[in-house]
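Notebook open, model loaded. I'm jotting down what I looked up, one entry at a time.

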Amino acid sequence: MGVIAHIAHWYESLLYALPMVVIGGVLWYTARKERGREAEGEAGWDGEDDSRWDDEPRLKDD
Amino acid sequence: MPRLIALLSAAFLLAMPAAAQAHGLVGRRDLPVPAWMFAWGAAIVLIVSFFALGALWREPRLAATKERRLGRVPAWLELPIGALGVALLGLTIIAGFAGLQIDTANFAPTAIFVGLWVGVPVASLLVGDLYAVLNPLRALGRATGWVVGKVARGQVPEPLKMPDRIGHWPAAAGLLLFAWVELAFPGRSDPSQLAVLVVLFCVVHAVGMSLYGTEAWISRADPFAVWFGWVATLAPLRWDRGTVYLRPPAVGAARRRAVPGDAAVVLVAIGTTTWDGLSGGDMLGTATADIAAQIAKSGLSATWSNALVLTLGMVLAVAFVTALVFAGAWGMLSPAARRRAAGDEGRPAPPSVSRLVRDFAPSLVPIGVAYAVGHYLSLLAFQGQALPQLLSNPLGRELAPGDGGWLGTAQWTIDYGWLSANAIWYLQVAALLAGHIASLVLSHDRALERFPKRRAARSQRAMLVVAVVFTCTGLWLLSAV
């Protein structure tokens, strides 16, 4: 019985992991398909407008 | 390398046996469908939400959301609330040293691990940054500063300036230390040892406040002030110098910019809660005991061998969560940007992955809160009821029948039936789902601020995977007993 219970635990845990594997796999596959297209088409990097990243936050008491 | 990290992360998840919640006081659930179906359902809801956000949410809007002024609260109220915080701190120390040395009968352990660690953030989630006024260290620091200012008649030297690059790193280190005490320290259920640690904590912070000034020190180095402050950014109420404002929940997190160390604070909160769930499970609990027994053969005491294994597990859990989030941030960049980051083209480099993690750290706060609420809900619901009883009899003295103690509540008992196991499960699922949807919304809104529109939604695909992993892992920790 102990072995069956152990396997059941593992089986159940795998069921929890399934959505992560599915969504991770689908997005990885679509990203791979887009990769070649993007590499050819993009002129600058994602955030060419670097000012978007300039707002260094200040600490609360400054 | 990030791909290797992602693979190792997946292997770590799959290799872990089923775990139960460490603080579980939950009875048997009677659910209409198996618990793993909730994980599938939650994942579907997240995926649908993600695509709906991409289609319908085209401009950053959270930071510009208007607040409504509700009214003012008298400034003098800070004084009694701060005094209450100091009184509770004093009571915790006295009870720890002078009270009955049984953790459930002494005020100190419940005050620290239930009242402070779980109760205050839950209250902050509802009413705003409560700890900013309740914080006993801040109250003591301000009172001391006031007295010293009067005595020295303005001749007090200026406090030292703490370098900005330190940011909230001291708070992150403090939070990790607190988690270690909660999860691995052998004396964690010994009231007198806890009292010694509380005194040490006060001494360290008193020295810090005297050197750097109360506000500067507390806002950077007090782990509870920093973490609870982040939790309060999700609250519908904001307090600013006595004025109360109403705003949509979670908007505060979109407005606040993370400083160095903030991402570490959130990752420590998520990682240590994850380890708390893992280490409390039946199978991993047995495994840690077996490893500890092996280590004990080398001459280390059994107690410290166990502490060593629990410490390593906690560090690994924080490292796993960190690796997952870094992999998600790396995934935000397009392949072209990654090449530029590697320096193989002469154009401006994109932000580093660590910068991305920091910029998107506020969107991880709802996940940290969801994990904490899900994990500690039953602890708060049941053990929280012991607080009024312990407040009336903090030292755990034997009372005559009918003697209600200081506040008349010493004879109160814990009602374990007021919340069913099913109700707890549904609340846990709701908390996890709400937290992860809030995280997706915050992350999407921040991406619209940071990335060009055409890439903003796409940049968040990796964060969707991170959210699904956190949701399924959270539900697995709570249910796969």
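Which residues of H6(B) are buried? I found Pro136(B), Leu137(B), Arg138(B), Ala139(B) and Gly141(B). Buried means 20 or more other C-beta atoms within 10 Å of the residue's own, exposed means 12 or fewer, and partly exposed is in between, with C-beta atoms placed from the backbone.

Ground rules: this is a predicted model, where local features need pLDDT of at least 70 and side-chain atom pairs count only at pLDDT 80 or more, while totals for chains, interfaces and linings use all residues. Residues are numbered from 1 along each chain as its sequence is written, and chains are lettered from A and ligands numbered from 1 in the order in which they are written.

More on H6(B): I see residues 136-152, 17 residues in all, reaching 24 Å from first C-alpha to last, close to the 24 Å expected (1.5 Å times one less than the number of residues). Helices (H or I, at least four residues) and strands (E, at least two) are DSSP runs, numbered from the N terminus. I checked what covers the buried residues of H6(B), and the cover includes H3 (78-98), H8 (191-212) and H9 (214-221) of chain B.

S1(B) pairs antiparallel with S3(B), residues 243-246, over 4 bridges (pairing takes at least two DSSP bridges). I found Gly71(B) opposite Val244(B) in S3(B).

Whole chain: I count 21 helices and 3 strands in chain B. Buried residues make up 47% of its 481 residues.

How values were computed:
Contact = placed C-beta atoms within 7 Å.
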